[in-house]
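Here's a quick briefing on a fold and its charged pairs. Have a look at the model first, then read on.

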Amino acid sequence: MAAAIAEGVSLNHISRESSDIRRLANFYKEIFGFEEIESPNLEFKVIWLKGPGVAFHLIERNPDYNLPEGPWSATSPVADPSHLRRGHHVCFSVSNFHSFVQTLKDKGIQTYEKSLPDGKVKQVFFFDPDGNGLEVAGQ
C-alpha cells in the first residue's frame with residue numbers, strides 16, 4: 001500500500017534566523033511592504049511579518065548553535081548576486097518589475113538581472129542584509 005500523500009499543501013511561512021531581527025524586519029518591510037503582525041511571546045525574540053500569500057518569521061539567532069548565520073558567514077562568502085540563479089534563494093513575484101528594480105538600484109542594492117529564455121519573465125537577484133538570496137520575478 002502506498003503512503004498517503006499530503007493534501008491541501010500550501011506554504012505557511014518562511015523563517016530566517018538573524019543576530020539582528022529588527023534590521024532584517026525593516027528591510028523586508030521597506031523593500032517588499034511586509035506588515036509587522038503580532039508575534040508570540042517566546043523564550044527568544046521573534047518578529048512576524050505578513051505579506052500577500054506568505055509570512056516571514058524572523059528569529060533571534062542562538063549564538064550557542066553552530067548553524068551558519070547566512071551565506072556571508074561561510075568560510076568563503078561570495079556576495080555576487082549573479083551566483084544566486086544556481087544557489088539557495090526565495091523568489092517573490094511583483095507586478096511592477098521595472099520600477100521595483102529601479103528602487104533597489106536607488107537604494108544602492110547590488111542586483112543581477114536576467115530573463116528566462118523565452119524573454120517573457122524577467123528576474124532580478126539580490127541579497128538581504130544577512131546575505132540570504134532573493135529573486136523577484138515579473139514581466
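This is a predicted model: local features need pLDDT of at least 70, side-chain atom pairs count only at pLDDT 80 or more; totals for chains, interfaces and linings use all residues.

A residue is called buried under 20% relative accessible area, exposed over 50% and partly exposed in between (1.4 Å probe, protein chains only). Numbering starts from 1 along each chain as its sequence is written, and side-chain values use heavy atoms, with hydrogens and water left out.

**Salt bridges**
- There are six salt bridges in the structure (a side-chain nitrogen of Lys or Arg within 4 Å of a carboxyl oxygen of Asp or Glu).
- Glu113 meets Lys105 in one of them, at 2.9 Å from N to O, and Lys105 is partly exposed too, at 42%.
- Glu30 pairs with Lys107, with the closest N and O atoms 2.4 Å apart.
- That pair ties helix H1 to the loop between helix H2 (97–106) and strand E6 (112–115), 77 residues apart.
- Glu30 counts as exposed at 51%, while Lys107 is partly exposed at 39%.
- Arg22, Lys29 and Glu36 are linked in a salt-bridge network.

**Sheet**
- Four strands make an open, mixed sheet in the order E1-E4-E3-E2 (strands are DSSP runs of E, at least two residues; helices are H or I, at least four; strands pair if DSSP finds at least two bridges between them).
- E3 (residues 46–51) and E4 (residues 54–60) run antiparallel, joined by six bridges.
- Ile47 sits opposite Leu58 in E4.
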